[in-house]
Amino acid sequence: MNTEPPTGDDLQRMLVAMKQSVLDRAEDRKPAPRRRGRRTGIAIGVIALLGLGATSGGVALGMIPQPFAAAPAPTSTPSPTEPAAPSTPAAAPVEETPDPAPTPSATPSVTPTKGAFALDDPSTWTVSGNEVGPVALGGPTEAESDDLEQAYRLVPASPSSCTAPGTWARDGSPTLRITDDDDRVTGVLIGAEGDRPRTTTAGPTTPAGIGVGSSSEALHAAYPSLQEKVSTASGAWSRWDLELPDGLVSFQLDNDGAHVDSVWVSSDKNLPTSVCDL
């Protein structure tokens, strides 16, 4: 069964047939004269309708029932619109963040060092917590003492001058005394009672340049952490200890308390009250 609407010649034939059918029906009915005006109006309306159909197939088709309705045109669904981002005001407040305060870096303490020493010049020797020049604490007494022969001479023991075995002397330099135990060096004393007073340094010194003859002011300036072990009202013969990782260095002042009279190097921290009692 053909369901397509008529077009072209078929449409024209259908319109002519419809016109003829309407005219035939109008003729057969023959209405009464009183209804002439009504029939005439109907005929005119039909003729006008047929005339419109002859000029526009589309309009005539609109008057004919269609078997299928045209599919509705697709409609597009509007996509959701993203909300506009809020604009930043041109004059937004500016928050100032203070710069972090710099952390002060600790300045490492630098221990002064001395250059290589000469065996025949004691003023180039370094005093530390475990050695004086070529003499090292803990070494064999005879082997360590042999190194002194190039700069010092061995002094015979004399109780009256507070000397003892192991005392070494040199003109223009403080006296050295080596103490030992079981043939091992236990300490070195620079300067001894009986030496003439000195106000200049001509013997071994610490890396900071402190030795026999150094002033009390220079001693305390070089080593602020000194601990007073023997105290006197005038400062005469007072003793000041400096504890180092490798041993103990003790400084004893002279009879006016103004200069260093002797320096004692030892691994033993329990020292007697007087260097002459060693």
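Predicted model: local features only at pLDDT ≥ 70, side-chain atom pairs only at ≥ 80, totals over all residues.

Val135 has its place in strand β2, residues 135-136, where strands (E, at least two residues) and helices (H or I, at least four) are DSSP runs numbered from the N terminus. With a relative accessibility of 2%, Val135 counts as buried, a word that stands for under 20% relative accessible area, while exposed means over 50% and partly exposed lies in between (1.4 Å probe, protein chains only). From Val135 to Asp146 the C-alpha to C-alpha separation is 9.2 Å in space, and the two are 11 residues apart in sequence. Residues are numbered from 1 along each chain as its sequence is written, and side-chain values use heavy atoms, with hydrogens and water left out.

Asp146 also belongs to a negative surface patch, which is formed by Glu142, Asp146, Glu149, Asp180, Asp181, Asp182 and Asp183. Patches are made of residues with over 30% relative accessible area and no salt bridge, like charges being joined within 9 Å and nonpolar side chains (Val, Leu, Ile, Met, Phe, Trp, Tyr) within 5 Å. In this count Asp and Glu are negative and Lys and Arg positive, with His and the chain ends not counted. Two or more residues of the negative patch come from each of the elements α4 (141-146) and β5 (173-181). Asp183, by contrast, is placed in the loop between β5 and β6 (184-190), and is partly exposed with a relative accessible area of 47%. Asp182 is found in the loop between β5 and β6, and its relative accessible area of 70% makes it exposed. The backbone of Asp182 deserves a look as well, for its phi is near 55 degrees, a positive value in a residue other than glycine.

A positive phi, of about 60 degrees, is also found at Trp237, although Trp237 is not a glycine. Trp237 lies in the loop between β7 and β8 (239-244), and it is partly exposed, with a relative accessible area of 37%.

What of the contacts between charged side chains, and how many salt bridges are there? A salt bridge is a side-chain nitrogen of Lys or Arg within 4 Å of a carboxyl oxygen of Asp or Glu, and by this rule the count comes to two. In one of them Asp171 is joined to Arg153, with the closest N and O atoms 3.8 Å apart. Because Asp171 lies in the loop between β4 (167-170) and β5, whereas Arg153 lies in strand β3 (residues 153-155), the pair ties together parts that are 18 residues apart in sequence. Asp171 is exposed, with a relative accessible area of 66%, and Arg153 is partly exposed at 47%. A salt bridge also links Asp241 and Arg239, whose closest N and O atoms are 3.3 Å apart, and both Asp241 and Arg239 are buried.

Turning to the aromatic side chains, the structure holds three aromatic pairs; rings of Phe, Tyr and Trp (its six-membered ring) pair if their centres lie within 6.5 Å, and planes under 30 degrees apart count as stacked, over 60 as edge-to-face and the rest as tilted. Phe117 and Trp125 form an edge-to-face pair, 6.4 Å from centre to centre and with 70 degrees between the planes. Of these two residues, Phe117 is partly exposed, with a relative accessible area of 36%, whereas Trp125 is buried at 0%. The rings of Tyr223 and Phe251 have centres 6.1 Å apart and planes at 25 degrees, so this pair is stacked. Since Tyr223 lies in the loop between α5 (216-222) and β7 (227-230) and Phe251 in strand β9 (residues 247-253), the pair ties together parts that are 28 residues apart in sequence. Both Tyr223 and Phe251 are buried. Phe117 and Trp125 also form one aromatic cluster together with Tyr152.

Strand β9 also holds Leu253, which counts as buried at 3% relative accessibility. The C-alpha atoms of Leu253 and Ser214 are separated by 9.5 Å, although these residues are 39 residues apart along the chain.

Notes: Areas by Shrake-Rupley, 256 points an atom, 1.4 Å probe, with all protein chains shown as cover. Charge placed at Lys NZ, Arg CZ, Asp CG, Glu CD.
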